[in-house]
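Biologist: Please take one part of this model and look at it closely. Then place that part in the chain around it.

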Amino acid sequence: MPNWLREIDHTADVGIVVTAPDRDTLYARAAVGTFRLLTHIETVRETTQETVVVEAGDAEALMVRWLSELNFLHTTRHVLFRRFDVTVSETQDGLRLEATCHGEDIDRERHPIYTEIKAVTFHDMQIQETDGTWEVQVIYDL
């Protein structure tokens, strides 16, 4: 596991703590952390791309919408992603995230699926920037 990602125990759920040097990287790494919960991400090839755009009123809501959209794509289109090119920008109403997600369709022979994420929650979520390091904790309902 990379040093910027830590899995945490949470009653009946699972969570991750992610650190990053900037806001864009924080959202990208949170996505990587999410897919690390789902599969052995190193087995995922970059054979397809998906563009994702989400907006929200604040940073925490944007994180929940972003990761929820990725989980939706995973469950409905049966895809796995391993790399994310993310840009977060401010809008008149809050924040906008635009990303190119790189991955492939699920191949049951190569991709073990460890769990199913029912929902990305707001529980204990805080996005903080301290001395040039960004951090978020995300709890998932399994």
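Modeller: I start with helix 1, where Leu26, Tyr27, Ala28, Ala30, Ala31, Val32, Gly33, Thr34, Phe35, Leu37 and Leu38 are buried. Buried means under 20% relative accessible area, exposed means over 50%, and partly exposed lies in between, with a 1.4 Å probe and protein chains only. The model is predicted, so local features need pLDDT of at least 70 and side-chain atom pairs pLDDT 80 or more, while totals for chains, interfaces and linings use all residues. Numbering runs from 1 along each chain as its sequence is written, and side-chain values use heavy atoms, without hydrogens or water.

Helices here are DSSP runs of H or I with at least four residues, strands are runs of E with at least two, and both are numbered from the N terminus. Helix 1 covers residues 23-38. At 1.5 Å a residue, its 16 residues should span 22 Å, and its end C-alpha atoms are 23 Å apart, which agrees. The expected span is 1.5 Å times one less than the number of residues. Asp22 caps the N-terminal end of helix 1. A side-chain oxygen of Asp22 lies 3.2 Å from the backbone nitrogen of Asp24.

Next, the core. A nonpolar core is a set of buried Ala, Val, Leu, Ile, Met, Phe, Trp, Tyr and Cys residues joined through side-chain atoms within 4.5 Å. The largest one has 47 residues, and Tyr27 of helix 1 is among those with the most contacts inside it, together with Met63, Trp66, Leu67, Leu70 and Phe84. Helix 1, helix 2, strand 2 (13-20), strand 3, strand 4 (79-91), strand 5 (94-105) and strand 8 (133-141) each supply at least two residues of this core. In soluble globular proteins, nonpolar side chains tend to be buried together.

Ala30, Ala31 and Thr34 are among the buried residues of helix 1.

Helix 2 spans residues 59-77 and holds Asn71. Asn71 is buried, with a relative accessible area of 9%. A polar atom of the Asn71 side chain lies 2.8 Å from the backbone oxygen of Ile117. With neighbours within four places set aside, Asn71 is in contact with Ile117 and Lys118.

Gly57 lies in the loop between strand 3 (48-56) and helix 2. Gly57 is exposed, at 57% relative accessible area, and is in contact with Asp93 and Gly94, neighbours within four places aside. His78 lies in the loop between helix 2 and strand 4. His78 is partly exposed, at 44%, and has a positive phi of about 55° although it is not a glycine. Most residues other than glycine have a negative phi.

Now the whole chain. The chain has 2 helices and 8 strands, in the order β-β-α-β-α-β-β-β-β-β. Of its 142 residues, 44% count as buried. Residues 24 or more positions apart account for 65% of the contacts with a separation of 6 or more. A compact globule of 142 residues would have a radius of gyration near 14 Å, and the chain has 14 Å, which agrees. That radius is taken over C-alpha atoms, and the globule rule is 2.2 Å times the number of residues to the power 0.38.

Key. A polar contact is a pair of N or O atoms within 3.5 Å; within protein, one must be able to donate a hydrogen and the other to accept it, and residues adjacent in sequence count only if both atoms are side-chain atoms. Contact means heavy atoms within 4.5 Å.
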